[in-house]
Amino acid sequence: MGIVIITGASRGIGASTAVQAARHGMGVILTYNSNPSGAEKIVRAIEAEGGKAVAIGLDVSKVSTFAAFRANVAKALSTTWDRDRFDGLVNNAGYGLFNPIETVTEAEFDGLLNVHLKGPFFLTQALLPLMADGASIVNMASATSRLATPGVAPYASFKGGLEVLTRYMAKEFAPRRIRANSVAPGPIRTDMTSEALDQNPEWMAMLAGQTALGRIGEPEDVSRVVVNLLSTDSGWINAQNIEVAGGYNI
Ligand SMILES: NC(=O)c1ccc[n+]([C@@H]2O[C@H](COP(=O)([O-])OP(=O)(O)OC[C@H]3O[C@@H](n4cnc5c(N)ncnc54)[C@H](OP(=O)(O)O)[C@@H]3O)[C@@H](O)[C@H]2O)c1
């Protein structure tokens, strides 16, 4: 069913996507940044279920390293799968930052820009030569782009930019039948949010209360949708942003 690359898959939504993709018969190249042991744990979990996965280090904010990353991907494709192309890319790696516009520093702004918009742009560009015709790209956006949440202005703005970039990818890669969609999760319990959620039970209750289905999301709520978009079952879904949020602030 193809081989997919998932960035930021050492934990959270990316790790869950890696596991779900393998359960759907996909070979998985997963990346980590600071947490190689987390990534190795996911590789072993996939192998224990009979799947195949390889973990490669990648900092998505360092565009100058992308050519070397492409070479590592080519090596993994050939060694592990005897292939020279992959079939799906999930631009998932990311982090959150709470700071109102009034006090955001230039370094904080640039850090978020590099990881959430510039990184996915140039990583996708770097990987195009190895991407099979008919491949599927899924970009991880955020419901914060639809709904202004005080304290996350740069993050939400770059996620909004990623939604626009997704449509441009769908247009420009269409001659190669490559689809591009984005997924926009609402609040999901991962390392990115769990400390804040656990320390502020009233905030968690408020977020759950703002959600039609009455709870915070779990990584699997998102990863199942991502894997569906990667698969040919979603072959006619293209250039869409799909909010996966249980009906958040409707
Ligand atoms: N959780 C939510 O409520 C929520 C809602 C909407 C959107 N999202 C988006 O969903 C995506 C995944 O978030 P999550 O909640 O699963 O977060 P998480 O549990 O904190 O995991 C973040 C992942 O991204 C990787 N990462 C962070 N900075 C990186 C960098 N510079 N280069 C490469 N990898 C990097 C981390 O790698 P290491 O651990 O190896 O450093 C980790 O694997 C993000 O794009 C986030 O913005 C999350």
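**Note on helix α3 and its surroundings**

1. Helix α3, residues 66–81, has 16 residues and spans 21 Å from its first C-alpha to its last, close to the 22 Å expected at 1.5 Å a residue (the expected span being 1.5 Å times one less than the number of residues; helices, H or I of at least four residues, and strands, E of at least two, are DSSP runs numbered from the N terminus). This is a predicted model, in which local features need pLDDT of at least 70 and side-chain atom pairs count only at pLDDT 80 or more, while totals for chains, interfaces and linings use all residues. Residues are numbered from 1 along each chain as its sequence is written, and side-chain values use heavy atoms, with hydrogens and water left out.

2. Within α3, Phe66, Phe69, Val73, Ala76, Leu77 and Trp81 are buried (under 20% relative accessible area, with exposed meaning over 50% and partly exposed in between, for a 1.4 Å probe and protein chains only). They lie on the same side of α3 because they cover an arc of only 100° around the axis, taken from the directions from the helix axis to the C-beta atoms. The face turned away from this buried side carries the exposed residues Lys75 and Thr79.

3. The cover over the buried residues of α3 includes β1 (3–6), β2 (27–32), β3 (53–57), β4 (86–91) and α4 (106–127), contact meaning heavy atoms within 4.5 Å.

4. In β1, Ile3 and Ile5 point one way and Val4 and Ile6 the other way, and all are buried. Strands β1 and β4 pair in the parallel sense over 3 bridges, where pairing requires that DSSP finds at least two bridges between two strands.
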